[in-house]
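Please read the following points alongside the model, which is shown below.

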Amino acid sequence: MIKEIYFSGFRNLKDKKVKLSRGFNLIYGQNAQGKTSFMEAVYFGATGKSFRTKKNSEMINYDVNDAKVFIKLEDMSNYSINLFKDEKKYYKNGEKIKYIDYIGDILAVSFIPEDVELVMGNPSIRRTFFNYEISQINRTYLEAIVNYEKILKVRNKYLKEKKIEDSMFEIYNEKYVELCAKILLIRNEYINELNNILDKNYKELFNEEHTLVLKYENFMKLKEFEDIEKLKNEIREFLKSKQNSDLLVGFSNYGIHKDEYIFELNNKNARYYSSQGEKKSIVFVLKISEIELIENKFNKKPIFLMDDITSFFDNFRKNQIINYFLEKEIQCFLTSTEDLKIVGKKYIVDGGVINEEFI
């Protein structure tokens, strides 16, 4: 759990060191005062990424050249990021490290209004989301995804230049096959484990008569997965059969970058057939199911961040959710325009200034 956070030059927030609660941390105030920025700073410090933007410049206050976020955990270890417009520098206990070594130490799950796009949006949104979530808990997957992106670029270059007879193409193509197989297996295992929890949580929190399933639709439409060697042979033959098609378009039209994840509520694609309220509920259940998966596999509790809880759920559902996290004893960060009557620390945000409210 995070004991304290310090940030400077971050968004519209005034430089501040904040001591945090092990349980609930309520961040409230009027709109456009910096509540979400405070929560974003926590998430950014924990994960090295923002849930709002991919642009460094948008997180840096316009009056300064860089921003800093420093996090101290209860075990006194610390993590920090120095953010510039064109780079990020990561540190653990004062020692500079690579991003790949930063991610995964502090596990975090966030829930923001824009997350409904996980159901409604295009497949790339879901792929990006699950790539990160799996990477948080599986270093092998993270390394495979990073390497896959590099190999994909090279493979595309050879296809565009029509150089598939080049011996180097065969080398890169074989690596492409290996990475596809490894990633397919890890994704399939993750989704199977998540599905064991997903439907149960939807029934308990929202509607006991509904059935929720997350389907993983891979680029080869495989329903069953064999051992990795057999899978590599299948992928190799499949890609060979599609080679002329790839040459025609000049890029790799088949691979794990084309996979899809589909939420089905009562055997219907939620993207097209579920109501707005049901879509919000699906995303929320996805997030808490990830928390349970992390707990079950690693006996470790991630932090949970939820932006604007009052706009998502009515009072009954809101209280159910708060009680859920009370029972789980998870460190939570909630933003709201009103004071929720919960036990924990409360921070009032006004014009980027954060002050703890003492009860």
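1. In which hand of crossing, left-handed or right-handed, does helix 5 pass helix 11? Helix 5 passes helix 11 in a right-handed crossing, a term used when the near helix is turned clockwise from the far one by less than a right angle.

2. This is a predicted model, in which local features need pLDDT of at least 70 and side-chain atom pairs count only at pLDDT 80 or more, while totals for chains, interfaces and linings use all residues. Residues are numbered from 1 along each chain as its sequence is written, and side-chain values use heavy atoms, leaving out hydrogens and water.

3. Helix 5 (residues 123–137) packs against helix 11 (residues 276–298) at an angle of about 20°, the axes being 11 Å apart (axes are lines fitted to C-alpha atoms, for helices over the stretch in contact, and angles between N-to-C directions run from 0 to 180 degrees). Helix 5 is therefore roughly parallel to helix 11, the word for angles under 35 degrees.

4. From helix 5, F129, F130, E133 and I137 meet L286, K287, E290, I294 and F298 of helix 11, where contact means heavy atoms within 4.5 Å. By class, this contact of helix 5 with helix 11 has six nonpolar, no polar and three charged residues.

5. Six strands form an open sheet with mixed pairing, in the order 8-12-13-3-14-15 (two strands pair if DSSP finds at least two bridges between them). Strand 8 (108–111) and strand 15 (353–357) are the edge strands, each pairing on one side only.

6. Helix 11 also lies across strand 8 and strand 12, and runs at about 170° to strand 8.

Notes
Helices (H or I, at least four residues) and strands (E, at least two) are DSSP runs, numbered from the N terminus. Angles under 35 degrees count as roughly parallel, over 145 as roughly antiparallel, 65 to 115 as roughly perpendicular and the rest as oblique. Ala, Val, Leu, Ile, Met, Phe, Trp, Tyr, Cys and Pro count as nonpolar, Asp, Glu, Lys and Arg as charged, and the others, Gly among them, as polar.
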